Amino acid sequence: MMKKIFTLLFLACSFISHSQDISIKSSKSTVFKDDKKHTELLYSEGDGQGGFVTVRLYFGGFMKQPKGYYIEHYNKELNLLKETEFEIDNNTFQGLMVNDGTVYIMEAALDKEKELYKFNVLESPLADLQFSSKTLFTLAESDVKQYFGVGIGVFFINNGWSQMDSGAFGEVTFSKHKNFFAVNFDIKDKESQTQLLYVFDKGMNQIFKKEFKRNIEDKFFIYENVDVDDTTGDIFLLGKVFENESKKSKKNGKANYHYELHKINESGETQASFKTDDNFVGSLFTLRSENSISCAGFYSEKNDNRYKGVCRFNLDPTSLNVTQKSFIPFSEEFINDKYGKLKDKELRNLTLRSKHLTPNGDIVLNAEEFYITQHSMMSANGGMSTRVTYHYDDIVTVKISEEGKLVWARNINKRQATSGGQMEYLSFASTIVDDDTYLFLNCSDKIRTIRNDRLEFKEGKSMFAIKIDANGTYSYKSILKDKDAEVPFFVSQGTTTTLDGKEIVFVGRKKSKKQFLKINIK
């Protein structure tokens, strides 16, 4: 018994000691009030002088519909320098860029009279936030897919929590250093998968326009994502293609699909196709390193909705030949993290929250166990009511080397749930600094010890940082205690403002009071 107590004390002391390695500085703005109570932080970007520009979407009405945008400029001391507001009028903001003292906001807008979709750039000097609009291109309304979801009119607005595959509607993808950006539209064509792609440089000059057309029914091609080369502006488009004219993911015990990567530029198109061997891979994404283009995700030996480990495909960026592929099961350390003992069991309910590429070409995946439960109850008068609960449980974080080896895999035990309110405070944000991974979450001040000396982060509104170093060792540190904070912060909406990942911005709210929090990692 004494030996066990000593071991626990030793582990606790070493863990707390190691947490001193987390060097973080936090600063807050003054508390302020908006005309609208409910807002969501969409974008933030550094201004080059230690400050940052933010774009927040605000909601109004009984159903909390999107009504407009707040654009704000803060200096490095978090003093508000300038602000302006845009009401939504058949338009959505699709991206933010700050370059050489100028703010650019990418906007998709509907001109009802002319039945045109316009893709505009709103441009303003950083000093005054007085925007002018310039149309980069237009599309006929009848050519663009109609969308459903949270939004205004036919515009789909992603509120950050939708699990629906929305395809691409005016989707903007920036290259690593924002030297280029691509705009992607999914075009109506039942007979074939068709997407219209535009690429512009940071001076808003059009580099090329291409129609991507795949000779397969639209429903059998699942668009995954687009990646843009920062040097050339070339586009890498990834899709999942179902076979045998069926959307069933399994046929005769095998995966009934393959993946295709298309390299598209002004000169033409190159295509690569690859299978997942005897495994099932529900979804992949692309990340561009200096020497390769990589596709990574989670895999299963059972079906698309289970997860045994991670996979990575490396392709030559010129020829698109697959140069390396690997399927790596979760490590014993990971299984012990999760269950407290070894189990031969595949995971389920994983939702990818973020992906990062380290300077040496390693890939870090951060996912979360997200699922929904329903409970029906009978009232005293015989009526029925149903309660829907959204669960945000364990964080799964994995690093895969450029050679396709598992560097480390960790499971962060976490329990959070809500029946519809206060979702913004749940889940987590992440960033990469050099070779270290940082996670930010809200939880109780009391970190619980569960079976076999594991730690569990329980629901609460105190903000903590978790650091996972190059060797996979993780530690934690309290950033802001709930009792000391004027407002709790929306961790899931945290956005980095710098390319090196060292600065991340959060917005918080308590009733009508709001505040910004800036965290700098040293």
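Predicted model: local features only at pLDDT ≥ 70, side-chain atom pairs only at ≥ 80, totals over all residues.
The pairing belongs to the contact between strand 21 and strand 22 (residues 293-299), which run antiparallel and are joined by 4 bridges.

These two strands are part of an open sheet of 4 strands, ordered 21-22-24-25, with antiparallel pairing.

## Nonpolar cores

The largest nonpolar core comprises 37 residues. Within this core, the residues with the most contacts are I235, L237, F274, L284, F313 and L315. Strand 16 (residues 235-242) supplies the largest share of the core, namely 6 residues. Apart from this core lies another, of 21 residues, which includes M97, V121, L139 and I187.

What does I235 touch, if residues up to four places away in sequence are not counted? The contacts of I235 are A182, L197, V199, F208, V226, D227, H262, K263 and I264.

## The hairpin of strands 9 and 10

Strand 9 (residues 116-125) and strand 10 (residues 132-140) run antiparallel and are joined by 8 bridges. Across this pairing, N120 stands opposite T135 in strand 10. The two strands form a hairpin with 6 residues between them. In the turn, L129 has a positive phi of about 55 degrees.

Two residues named above for the core of 21 residues, V121 and L139, fall within the ranges of strand 9 (residues 116-125) and strand 10 (residues 132-140), respectively.

## The hairpin of strands 35 and 36

A hairpin is also formed by strand 35 and strand 36, with 5 residues between them. Strand 35 (residues 462-468) is joined to strand 36 by 6 bridges, and the two run antiparallel. M463 stands opposite L480 in strand 36. In the turn of this hairpin, G472 has a positive phi of about 90 degrees.

Is strand 36 (residues 474-480) largely enclosed or largely open? Of its 7 residues, 5 are buried, so strand 36 is largely enclosed by the rest of the structure.

Definitions and conventions. Residues numbered from 1 in each chain as written. Heavy atoms only, no water. Core = buried A, V, L, I, M, F, W, Y, C linked by side-chain atoms within 4.5 Å. Buried < 20%, exposed > 50% of the residue type's maximum accessible area, 1.4 Å probe, protein only. Contact = heavy atoms within 4.5 Å. Pairing = 2+ DSSP bridges.
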